[in-house]
Amino acid sequence: MAYIQGNSVPSANIGVLDKLIATRHEIAQIMGCKSYAEFAVNPNMASSPDVVMSFLLEMSEMVRPNAEKVVASYFPLQQCIEGLRVLVESLFGVTFRSVPLIPGESWHPDVLKMSLYHPEEGDLGYLYLDLSLRTGKYPGCAHFAIKGGRRISETEYQLPKIIAGEIVVGVGAFVLGRDLWNSHVVALVCNFSTVRLNHWEVETLFHEFGHALHSLLSRTDYQHFSGTRVVLDLAETPSNLFEYYAWDYRVLKTFARHYSTGEVIPEKLVESMRGAKKMFAATELQRQCFAATIWEKICEDDPLSLATGSSLRTRFLQHGGAKDPTFLLNDVVGDGILRYRDGGIVPDITSLCREMDLLQG
C-alpha cells in the first residue's frame, strides 16, 4: 500500500524530495564534501564531479545523433534466450539447464528457473528469468542478486536448497576440486511487451545477462564482494561488454532467425544496423568505454571462443569486488584501458573512438 500511494501521487512527494535534497547536501558537508555530487562520486575511480564532467564534455564533442532501424522479425524471444545459451556454452563451457519450480517458489507462473551447469564444477548458480510485461510488475529491466556466493572450505562445493520459495543452505555438498563455495541465485527481470524483440530490447537482454553472469561466475571469499558488488563505474563493464555480443554478426547468426521463415538474419541487415549505431554515437555516452577496450583487445578476434571466456572469467568476472578495479582492468587487457586525470581515473577512449571512426589521421 505504501508503494502504491508513493507512486500514485507524485505531487505529494515534492516536499519529501526537497527535504531529501537538503539532507543529502547536509550529509555531504558533514563528510567534508562541497556537494552531494562530490560525495557520491568520491568512492568511484573518477573521484570528483570535475573529472566526470570533463570526460562527458570530451565525449559530447565527438558524437552526432542519428536513428537506429531494427527488424524485430529476426528476434523471437525464445530464440534470444537460445542466444544466451550459445554464449555461455561457447565462452565458458557451461550450459543452461531448466529446473522445475517447487510449489510456492515462483512469484508468477511466467517465471523460468535455470541452473548454470559446468561439466566439471557442477552447478555454478541459479537464474530466474521473468521477461514478459504484465500489470503490476516491477517496471523496466534489471538484474537482482537474490543470494551472493562465498567460499565455504577448501574441498567442497555446497548448493542451496529452495523450500517454499525460501533459499536456504543445502544439506548436501558437491566436490569441486579444492574449492567449496556457497552458490549464487540471481533474477533477471525485463518487461518485453511482445514475443518478438526489437534490437534495442535484444541489447538490453544481453546487457542484463552480463550482470547476471558477473554474479553467477563470481568466486569470492565473502558474499559482500561477490558479483556486481564493486565500485559503481566498474559494475556496468561486464553488462556493457555483453552488449557487443548483441551486435556481432558471428553471434547473431547463431540464433537470430526470422520467426516465420527460419531465415538467418542477413549480414547486410546487421551491417546497416551497425552503421546506424555509429551515426547515433551519442548513445555511447550511456555505456562505459572500459567495455570497448576489453572487446577490442580480448573478444573481437574470436568472441565465442573458450579462450576468450576463460580470460574474462578468471581475470575479471570471478573476482567481483574483492580486488582493486584498476588491477582487474589492467590484468584483463594490459595497458591502455585507464587514464589518470586530476587524481581520478577515467576510461581510455581510444578503442571506442576507433570503433566509431572518430580518430583523426
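**Charged and aromatic contacts**

Glu121 is buried, with a relative accessible area of 19%, which places this residue just inside the class because buried means under 20%. In this predicted model, the side chain of Glu121 meets that of Arg313 in a salt bridge, with 2.8 Å from N to O. Since Arg313 belongs to helix H12 (residues 306-315) and Glu121 to the loop between strand E2 (112-118) and strand E3 (122-132), the pair ties together parts that are 192 residues apart in sequence. Arg313 is buried as well, its relative accessible area being 11%.

The structure has seven salt bridges. One of them joins Arg134 to Asp130, whose closest N and O atoms are 2.8 Å apart, and both of these residues are buried. Through salt bridges that share partners, Asp130, Arg134 and Lys137 are joined into one network. Another links Glu82 with Arg85, at 3.8 Å between the closest N and O atoms; the two are separated by about one helical turn, because they stand three residues apart in helix H5 (residues 77-92). Glu82 is partly exposed, at 34% relative accessible area, and Arg85 is partly exposed, at 25%.

Turning to the rings, there are nine aromatic pairs. In one of them, Tyr244 and Trp295 have ring centres 5.1 Å apart and planes at 15 degrees, so the pair is stacked. This pair links distant parts of the chain, with Tyr244 in helix H8 (residues 237-245) and Trp295 in helix H11 (residues 289-299), 51 residues apart. Both Tyr244 and Trp295 are buried, and together with Phe242 and Tyr245 they form one aromatic cluster.

Charges also meet rings: the charged end of Arg196 sits over the ring of Tyr259, 3.8 Å from its centre, while Lys113 lies over the face of Tyr126, 4.8 Å from the ring centre.

Methods. Residues numbered from 1 in each chain as written. Predicted model: local features only at pLDDT ≥ 70, side-chain atom pairs only at ≥ 80, totals over all residues. Heavy atoms only, no water. Phe/Tyr/Trp six-rings, centres within 6.5 Å; stacked < 30°, edge-to-face > 60°. Helix = DSSP H or I, 4+ residues; strand = E, 2+ residues; numbered from the N terminus. Buried < 20%, exposed > 50% of the residue type's maximum accessible area, 1.4 Å probe, protein only. Lys NZ or Arg CZ within 6 Å of the ring centre and 35° of its normal. Salt bridge = Lys/Arg side-chain N within 4 Å of Asp/Glu carboxyl O.
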